[in-house]
Number of protein chains: 2
Amino acid sequence: MTAPTKAELEEQLAALEAERDEHLNDLKRVAADFENYRKRVARDQESLVARAHERLVKALIPILDDLERALEAADEHEEAKLEEGVALVHRSLADLLAREGLAEIETEGAFDPHVHEALLAQPAEDAESGSVLQVLQKGYRLGDVVVRPARVIVAE
Amino acid sequence: MTAPTKAELEEQLAALEAERDEHLNDLKRVAADFENYRKRVARDQESLVARAHERLVKALIPILDDLERALEAADEHEEAKLEEGVALVHRSLADLLAREGLAEIETEGAFDPHVHEALLAQPAEDAESGSVLQVLQKGYRLGDVVVRPARVIVAE
């Protein structure tokens, strides 16, 4: 291998300089993109949460309307209308929550400590030991999360 | 100015190479940070919306419970208990929505096309022309956003 000539060294220098400048420019560009992205994300997250709320809060307004109508029926002692109104409100709210992913926790069969909470254990002739005898309060899950365990009485 | 010697050129080459490598390493690091940030943001946004929902959906479960109790009272023809239950549910839901930032739109005084919707105009002796005579449906705002205008009858 022969040693590089001065002309070759100068050529290498020019090529390296171009490479260095290119990397530096890329670095500045990526850093600026990153910074802009960070700012946009901060703005987006705020409006994302606000919009998510807005949709749900909006959906609850007609339910509030129906409750007010039911209260008016109660004031006027129109019992049939009051009952009908309450049934309607219940159905609307239950449907809304189901659409949001809320589901009742199953209580048929064996007690499951992951989703049930035993408030009481009672002897039971007909039931298998460790099975759910009675549901005192319904439980709910939202997707995989147990938002409230079902409160139950279990067979001893 | 004297022309650089071969030794000087070689020194410059080594310095440039080090600079180029440093910029390239920085570039790789920033690009990797950016990519990781992007992935984290995507995960965060999902859980952010899910958590925002979870909080609100959770707060609605006791209201659903109260509605179910009211329906049981209706089944057993306990009218007083039913009325009480409906009043309780109404207060709970109204309070919850107020905490979420929902506010009733004012309807006292002059008709305001930004927040009111005129469904009817009626002649009125006692009222000033253009004032709100009667509210047919309450309006609501959430922060600065009119989520539903108040539907009203205006004086001709």
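Predicted model: local features only at pLDDT ≥ 70, side-chain atom pairs only at ≥ 80, totals over all residues.
User: Let's start with the interface. How many residues of chain B are in contact with chain A?

Analyst: Start with the residue tally on each side, then look at the area. Here 63 residues of chain B are in contact with 63 residues of chain A. The area buried between the two chains is about 6,200 Å², and carbon and sulfur atoms give 77% of that.

User: Which elements of chain B give two or more residues to the side that touches chain A, and what classes of residue are on that side?

Analyst: Let me take the polar side of things first, then the elements. The rule finds 14 residue pairs in polar contact across the interface of chain B and chain A, both partners being at pLDDT 80 or more. The elements of chain B that give two or more residues to this side are α1 (6-75), α2 (79-99), β4 (140-142) and β5 (145-148). Helix α1(B) has the largest share, with 41 residues. By class, the side of chain B that touches chain A has 37 nonpolar, seven polar and 19 charged residues.

User: What is the count of salt bridges between the chains?

Analyst: Six salt bridges are counted between chain B and chain A.

User: Let's zoom in on single residues. Is Arg20(B) buried or exposed, and what is it in contact with?

Analyst: Check relative accessible area, then the partners. Arg20(B) is found in helix α1 of chain B. Arg20(B) has a relative accessible area of 17%, so it counts as buried, the cut-off being under 20%. Its side chain is joined to that of Asp21(B) by a polar contact of 3.0 Å. Setting aside neighbours within four places in sequence, Arg20(B) is in contact with Leu16(A), Glu19(A), Arg20(A) and His23(A).

User: Where is Asp65(A), and is it buried or exposed?

Analyst: Asp65(A) has its place in helix α1 of chain A. With 9% relative accessibility, Asp65(A) counts as buried. Leaving out neighbours within four places in sequence, Asp65(A) is in contact with Gln137(B) and Arg148(B).

User: Last one, backbone angles. What is phi at His77(A) and at His77(B)?

Analyst: Most residues other than glycine have a negative phi. His77(A) has a positive phi of about 55 degrees, although it is not a glycine. In chain B, phi of His77(B) is near 55 degrees, again a positive value. His77(A) is in the loop between α1 (6-75) and α2 (79-99) of chain A, and His77(B) is in the loop between α1 and α2 of chain B. As for accessibility, His77(A) is exposed at 58% relative accessible area, and His77(B) is exposed at 59%.

Note on methods
Residues numbered from 1 in each chain as written. Chains lettered and ligands numbered in written order. Heavy atoms only, no water. Contact = heavy atoms within 4.5 Å. Buried area = accessible area lost by both parts, 1.4 Å probe. Salt bridge = Lys/Arg side-chain N within 4 Å of Asp/Glu carboxyl O. Polar contact = N/O pair within 3.5 Å; in protein donor to acceptor, adjacent residues only side chain to side chain. Helix = DSSP H or I, 4+ residues; strand = E, 2+ residues; numbered from the N terminus. Nonpolar A, V, L, I, M, F, W, Y, C, P; charged D, E, K, R; others polar. Buried < 20%, exposed > 50% of the residue type's maximum accessible area, 1.4 Å probe, protein only.
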